Amino acid sequence: EITTRLVGSEMCIRDSDNIMKKVLLYVSFVTALVSCNNDKTAPRWEEKHNTREFGAVISMETYPVVVDEFMNIKEWCIVDTMLICKNGGGEPFYYVFNTNDFRITGKFGRKGNGENEWISPHLIPITDTAYTVIDNFRWGIYDVTKVDSSYVIQKKKNMGVQMPLNSPKFVSYSTFGNISYSPREVVWEITDIENLSCSDSIVFFDESKGGNSTLYNFSYDVAFGYAVFAYLYQDGFMIASLSDGRHVIPELAVKGDGEERMKDGGYYTDVVCGKKCFYLLSQGDVETSGLSGTSSIEVYDYEGNPMKKINLDIIASHMVYDKINKRVIFSPSMDNDLHVLDYEFE
């Protein structure tokens with residue numbers, strides 16, 4: 001499967017049928033929206049200024065949790081009481097922790113070219129005991145089934161050559177979100193989990209045509225009918241709503257007054273969507289060259305209004321919310337320990 005996109009004069013070819021579809025939508029400060037359907041009158045994003053006038057600013061302390069295995073955590077998710085962490089080293093690829101006591105309860109996924117081995121896997125939880133793994137290198141889709149404390153891996157189908165899929169997240173039972181990269185654009189797609197066809201997408205496009213799409217890279221989360229995209233290197237985020245788990249509807253593009261930050265910490269490295277609010281892991285107070293400052297969590301409602309700022313005592317690169325124990329788990333940039341904040345997301 002080969003995918004290119006039509007923005008201005010660029011061509012979008014999708015699947016072996018070579019069906020060309022195009023949609024134009026420009027966002028004045030950062031993006032253009034491209035939909036994979038035939039809607040040529042897609043609405044514009046409503047622009048809003050981020051005042052950062054938070055209703056409350058508080059400082060909170062985290063506590064460390066020492067894990068037995070050293071991991072270079074690349075992706076993670078919580079399924080019920082299981083924290084599933086992808087190990088960048090790949091031996092094994094996935095560690096499973098019990099979120100109640102952080103005890104390792106399982107490991108699965110071998111690195112290699114043998115049967116049911118992976119090179120570049122990405123995991124998507126479907127249910128508490130069933131997961132899908134997509135391997136960008138071996139071009140395969142695999143079923144992983146949890147049986148007691150063991151994990152059964154079985155190849156489901158071949159993918160065919162296509163753009164690598166990155167940062168997958170569950171959207172609905174039949175779809176997932178993912179990111180693909182090229183020099184001129186960063187694309188977020190809603191993809192069918194069975195045949196990998198695209199039902200809708202957003203393109204973050206380098207309008208300068210300088211091959212600098214990295215500037216538009218983002219973190220994101222999808223939950224409770226919303227998708228929130230937060231820029232790594234620009235002071236801004238976008239809020240969209242979802243329709244039937246297959247289509248994305250532009251809502252708000254919220255921009256602050258900050259300058260581009262490609263080196264000194266960046267802006268937002270992770271997002272968690274709650275029922276009433278969403279939470280951005282901010283590096284606005286971090287200066288990475290000297291590892292000074294601390295990260296914070298900025299809280300907004302889905303109207304884009306700043307609600308609260310939580311100043312942390314660590315520099316954290318990623319966060320995940322443990323809704324059962326009502327706490328936030330961080331992967332710090334400074335050590336191999338996990339750090340925990342007892343705080344309930346709304």
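Biologist: How many Å separate the backbone oxygen of Pro92 from a polar atom of the side chain of Asn87?
Modeller: Keep in mind that this is a predicted model. Asn87 belongs to strand S7, which covers residues 82-87. Its side chain has a polar atom whose separation from the backbone oxygen of Pro92 is 3.2 Å.

Biologist: Does Asn87 count as buried or exposed?
Modeller: Buried means under 20% relative accessible area. Asn87 has 6% relative accessibility, so the residue counts as buried.

Biologist: What is the relative accessibility of Leu83?
Modeller: Leu83 also lies in strand S7. Residues beyond four places away in sequence that touch Leu83 include Trp76, Tyr95, Phe97, Val320 and Leu338. Leu83 counts as buried because its relative accessibility is 0%.

Biologist: Which residue in S21 is the bridge partner of Ala240?
Modeller: Strand S20 (residues 236-243) pairs with strand S19 in the antiparallel sense over five bridges, and there Ala240 in S20 stands opposite Ala227. S20 also pairs with strand S21 (residues 247-255), in the antiparallel sense over eight bridges. In S21, the partner of Ala240 is Pro250.

Biologist: Which residue in the turn of the S20 and S21 hairpin has a positive phi?
Modeller: The hairpin of S19 and S20 has four residues between its strands. The hairpin of S20 and S21 has three residues between them, and in that turn a phi of about 55° belongs to Asp244.

Biologist: How many residues of strand S20 are buried?
Modeller: One of the buried residues is Phe237, which lies in strand S20. The strand has eight residues and is mostly covered, the buried count being seven.

Biologist: What kind of aromatic pair do Phe237 and Tyr268 form?
Modeller: Planes over 60 degrees apart count as edge-to-face. The ring centres of Phe237 and Tyr268 are 6.4 Å apart and the planes are at 75°, so the pair is edge-to-face.

Biologist: How many residues apart in sequence are the parts that the pair of Phe237 and Tyr268 ties together?
Modeller: Both Phe237 and Tyr268 are buried. Ring pairs link them into a cluster with other residues, among them Phe54, Tyr226 and Tyr302. Phe237 is in strand S20 and Tyr268 in strand S22 (residues 268-273), so the parts tied together are apart in sequence by 31 residues.

Biologist: Which residue lies over the face of Tyr267?
Modeller: Tyr267 is one of the residues in that ring cluster. At 5.7 Å from its ring centre, the residue over the face is Arg261.

Definitions and conventions
Residues are numbered from 1 along each chain as its sequence is written. This is a predicted model: local features need pLDDT of at least 70, side-chain atom pairs count only at pLDDT 80 or more; totals for chains, interfaces and linings use all residues. Side-chain values use heavy atoms; hydrogens and water are left out. Helices (H or I, at least four residues) and strands (E, at least two) are DSSP runs, numbered from the N terminus. Buried means under 20% relative accessible area, exposed over 50%, partly exposed in between (1.4 Å probe, protein chains only). A polar contact is a pair of N or O atoms within 3.5 Å; within protein, one must be able to donate a hydrogen and the other to accept it, and residues adjacent in sequence count only if both atoms are side-chain atoms. Contact means heavy atoms within 4.5 Å. Two strands pair if DSSP finds at least two bridges between them. Rings of Phe, Tyr and Trp (its six-membered ring) pair if their centres lie within 6.5 Å; planes under 30 degrees apart count as stacked, over 60 as edge-to-face and the rest as tilted. A charge sits over a ring if NZ of Lys or CZ of Arg is within 6 Å of the ring centre and within 35 degrees of the ring normal.
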